[in-house]
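Please look over the structure shown below. The briefing that follows is grouped by topic.

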Amino acid sequence: MLVPALAPVLEKTEQVRLNVSIVGSGAVGKATGTGLRQLGHSVIFCDNDSKVLEGLKKEELLVADSLAAGLASSDIVMICVPTPTVNGHQNLHHVLEAATEIGAALRYASSFKVVAVRSTVLPGSTRREIIPVLERVSGKKAGEDFGVCANPEFLRASSALEDFLSASRIVIGESDSRAGAILAGLYAGLRRPIVRCGLEEAELIKYASNAFLANKISFFNEIYKISRKLGVDDKIVSRAVSLDERIGGYGVIGGSAFGGPCLPKDLEALITFVRELGLNPGILRETARVNEEMRSDQ
Ligand SMILES: NC(=O)c1ccc[n+]([C@@H]2O[C@H](COP(=O)([O-])OP(=O)(O)OC[C@H]3O[C@@H](n4cnc5c(N)ncnc54)[C@H](O)[C@@H]3O)[C@@H](O)[C@H]2O)c1
């Protein structure tokens, strides 16, 4: 069932065939591009690592000789490059490098193109850092000459393509409604709920989702420790709790810290971001602390 407040931003859109270039063809880029091909779109992969491109060629996927060549024929450019957390802060180096190259190609574009930021970026990054680079290098105006969307991905690296194809929702934060409509058309074939919203809302949706999942794992790690202290079977407890549909099964089996490429780095970057907003990241900090404790117990 839809949350009533979300209903107005979920919409049905007609499927159209679009040309897409993927900038950064790792876990997210490859799954996104491969999934979009399955929906009937034409996809060209770009990456600054020649080994990645060689691997894609072996799978008979179309790769671009250069980013400019890939972009020239594209309606949509998707930025899927890494956003590491360095010393607690989000590092946008790869994203801004990609934006600089995309901006250079946009300068010569004769049609309206949409740049979609699939990388995980903190609220405000697209408006305050990525768009200014695109505008400065292209000499064009976002929302008028080209569109920009914050379009986070929620997949897990272990089941990337399957997760892309069965996404619980597509989130499109848009600089302008034309850009949002084009991106909604790209995903229409997935037949999943589409949430169209502002740039910062889309960016925060991604961090809120990851922080909640991290919090759930830390919570059930506490239940695990309580169970062990009591000498009761933590799995029986967790599984029974998870049968409540409001709670669900993800992350309920305690005993290991969360890891992987996203949850720790996104939680850490969010904690710093929240502190810098002048707020207290209480639950977020405790989630990270419980996880550190769990990691050292393992
Ligand atoms: N891996 C996941 O499970 C996952 C899930 C959701 C979101 N994300 C987010 O998606 C983004 C990408 O993550 P990933 O796991 O796919 O990373 P990845 O390291 O698997 O792939 C990134 C690719 O980008 C390439 N690259 C870096 N700079 C480039 C540039 N300037 N131009 C062209 N290519 C460049 C790299 O060579 C690499 O192949 C990150 O922001 C991450 O937080 C990741």
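**Surface patch and overview**

I226, L230, V232, V237, V241 and I247 make up a nonpolar patch on the surface, with about 460 Å² of accessible area together. This is a predicted model: local features need pLDDT of at least 70, side-chain atom pairs count only at pLDDT 80 or more, and totals for chains, interfaces and linings use all residues. Residues are numbered from 1 along each chain as its sequence is written, and side-chain values use heavy atoms, with hydrogens and water left out.

**More on the patch**

- Patches are made of residues with over 30% relative accessible area and no salt bridge; like charges are joined within 9 Å, and nonpolar side chains (Val, Leu, Ile, Met, Phe, Trp, Tyr) within 5 Å.
- Accessible areas come from the Shrake-Rupley method with a 1.4 Å probe, and for residues only the protein chains shown count as cover.
- Helices α8 (199–230) and α9 (234–242) each supply at least two residues of the nonpolar patch.
- Helices (H or I, at least four residues) and strands (E, at least two) are DSSP runs, numbered from the N terminus.
- I247 sits in the loop between α9 and α10 (263–276).
- I247 is partly exposed, at 35% relative accessible area.
- Buried means under 20% relative accessible area, exposed over 50%, and partly exposed in between (1.4 Å probe, protein chains only).

**Ligand shell**

- Of the 26 residues around the ligand, V28, D47, T83, T120 and K265 come nearest.
- A residue counts as near if one of its heavy atoms lies within 4 Å of the molecule or strand.
- By class, the shell has 12 nonpolar, 8 polar and 6 charged residues.
- Ala, Val, Leu, Ile, Met, Phe, Trp, Tyr, Cys and Pro count as nonpolar, Asp, Glu, Lys and Arg as charged, and the others, Gly among them, as polar.
- Helices α1 (27–38) and α4 (93–106) each supply at least two shell residues.
- The largest share, 3 residues, comes from α4.

- D47 places a polar side-chain atom 2.6 Å from an oxygen atom of the ligand.
- N48 has a polar backbone atom 3.2 Å from a nitrogen atom of the ligand.
- T120 has a backbone N or O atom 3.0 Å from an oxygen atom of the ligand.
- On its own, the ligand has 840 Å² of accessible area, and the protein covers 87% of that.

**Helix α2 and positive phi values**

- D49 caps the N-terminal end of helix α2 (residues 50–58), with a side-chain oxygen 2.9 Å from the backbone nitrogen of K51.
- E60 follows α2 and has a positive phi, near 60°.
- E60 lies in the loop between α2 and α3 (67–72).
- E60 counts as exposed, at 68% relative accessibility.
- N87, also a residue other than glycine, has a positive phi near 50°.
- N87 is in the loop between β4 (85–86) and β5 (89–90).
- N87 is exposed, at 72% relative accessible area.

**Salt bridges**

- Side chains of opposite charge can pair when their charged atoms come close.
- A salt bridge is a side-chain nitrogen of Lys or Arg within 4 Å of a carboxyl oxygen of Asp or Glu.
- The count by this rule comes to 14 salt bridges.
- R196 pairs with E174 in a salt bridge, the closest N and O atoms being 2.8 Å apart.
- This pair links distant parts of the chain: R196 is in strand β9 (residues 194–197) and E174 in strand β8 (residues 170–174), 22 residues apart.
- Both R196 and E174 are buried.
- E293 and K225 form a salt bridge at 2.9 Å, N to O.
- That pair also links distant parts of the chain, with E293 in helix α11 (residues 282–297) and K225 in helix α8, 68 residues apart.
- E293 is partly exposed at 33% relative accessibility, and K225 is partly exposed at 26% relative accessible area.
- K225 also forms a salt bridge with D297 (3.1 Å, N to O).
- K225 in α8 and D297 in α11 are 72 residues apart.
- Through shared partners, salt bridges join K225, E286, R289, E293 and D297 into one network.

Definitions and conventions
Polar contact = N/O pair within 3.5 Å; in protein donor to acceptor, adjacent residues only side chain to side chain.
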